[in-house]
Amino acid sequence: MVVPPASGAGAGAAAIYELPLLAGHTTSSAQAMNDTGDVVGLSLDANRDGHLVRWGADGSLTPLQAIDDGSGGQAVKVVDDGTVAGFTDAPDGVRHAARWSASGTLTRLQEPAGYVNGEAQDINNAHVAVGHLSTDTATTRPVRWGADGRATVLRLLPRAEGGAATAINERGEITGYVSLPGDQTRLVRWDPAGRVHDLGSLGGAYADPSTINERGTVIGRATDANGTWKAVRAPHGKKIKALPSQDPGARAVSVNNSDVVVANVKDRSLRWSGTGTTVTELALLPGTGHTFVQGINDAGTSVGTSDERAVTWDAQGKVTALPAPAGLDQADPVAINAAGSVAGNMASSRAWPVQWRAVVWR
């Protein structure tokens, strides 16, 4: 399936390409994309059992090896050489952190003695992955796996009872959270030496990280003293601060390497300049009522939806609709890469159950 740009579409318009399924499968789901155009996700059979796959930039399809013929899981990141990180489920339902080569060969990431399951949440081009491990009592600890697959359990803040690592940059800096007594959470950064740094709070009990960029800037959300969630940013070496001019309930979801942040709050999406002083509301398509941004690349192009339609926004916030095949009226774009290609999913609201298909716009 290829749908070219509509007549009169903006400069950011693209054609849409449907990604192939494994033999006998009926639906698929894109989950991540790298800068060379590879996409990872799931191909699902008629019973909705998912099998992890990688689609090459040329449209090729590579199954990712499962543990003991299990199914399910998630491919959270694919790096430039096609290596994939994520987690997969064994037949007994236990989840295990994993890494796959570009050919689909599985490396199960180490679970040290006392830990029974784990999830990788990110990986960098040096093949260093981060995530969390859990004990049989559900205690969760942040972890870094080296390129050899061996685990290092990361340090916690004093009084912390657990936590998770959620993102890593190319310098080996990691962000995540730790759990404190009283069901509280706090944002942290681990430096390449493994030292843990408290990123502070807004006076509330909870914090939730999104990602870290190559400058070491951490974004996410945190509650203030009134319990209100705010989108936050912590430049390298600094504590978190709420981004200005936002309504309650915001969450920063993506940041590029110029420190430009995008966030969602209620039914609208916002974009902050690299200094954090200028905020721009991302525009709606005509006839739509709400936006939801998913990511931003280093060129300042963002991707998301305006109502159920896939869109991009340029660095000034101008909106451009991405093409959709006839009959497919629901879109879920999930990632944009450095070249401006977008990976996501399309479906029809008239089918039940909804039959999603993984697609690429480029």
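## Salt bridges

In this predicted model, 16 salt bridges are counted, a salt bridge being a side-chain nitrogen of Lys or Arg within 4 Å of a carboxyl oxygen of Asp or Glu. One of them joins R186 to D198, with the closest N and O atoms 2.8 Å apart. R186 belongs to strand β17 and D198 to strand β18 (residues 196–198), so the pair ties together parts that are 12 residues apart in sequence. Strands here are DSSP runs of E of at least two residues, numbered from the N terminus.

Because the model is predicted, local features need pLDDT of at least 70 and side-chain atom pairs count only at pLDDT 80 or more, whereas totals for chains, interfaces and linings use all residues. Residues are numbered from 1 along each chain as its sequence is written, and side-chain values use heavy atoms, with hydrogens and water left out.

## Cavity

One cavity of 30 Å³ or more is counted, where a cavity is a set of points on a 1 Å grid over the protein atoms alone at which a 1.4 Å probe fits but cannot get out. The largest cavity holds about 60 Å³ of space, a volume being the space filled by probe spheres set on the points.

Its lining comprises 14 residues, and T185, R186, S201, G204 and A205 lie nearest the centre; lining residues have an atom within 4 Å of a point. At least two lining residues come from each of β17 (184–190), β19 (203–212) and β20 (218–224), and β19 gives the most, with four residues.

The largest pocket has a volume of about 1600 Å³. Of the 44 residues that line this pocket, V76, K77, D122, T211 and S254 are the closest to its centre. A pocket is an open set of grid points with protein on both sides within 12 Å along at least five of seven lines. Strands that each supply at least two residues of the lining include β3 (27–33), β7 (74–78), β11 (115–123), β19 and β31 (330–336).

## Surface charge and loops

D35, D80, D81, E170, E214 and D298 form a negative surface patch, for which residues need over 30% relative accessible area and no salt bridge, like charges being joined within 9 Å. Accessible areas come from the Shrake-Rupley method with a 1.4 Å probe. D298 is placed in the loop between β27 (291–296) and β28 (302–306).

Two other loops contain non-glycine residues with positive phi: H127, with phi near 70°, is in the loop between β11 and β12 (129–135), and D259, with phi of about 70°, is in the loop between β23 and β24 (261–265).

Key. Patches are made of residues with over 30% relative accessible area and no salt bridge: like charges are joined within 9 Å, nonpolar side chains (Val, Leu, Ile, Met, Phe, Trp, Tyr) within 5 Å. Lys and Arg count as positive and Asp and Glu as negative; His and the chain ends are not counted. The place of a charge is taken as NZ of Lys, CZ of Arg, CG of Asp or CD of Glu.
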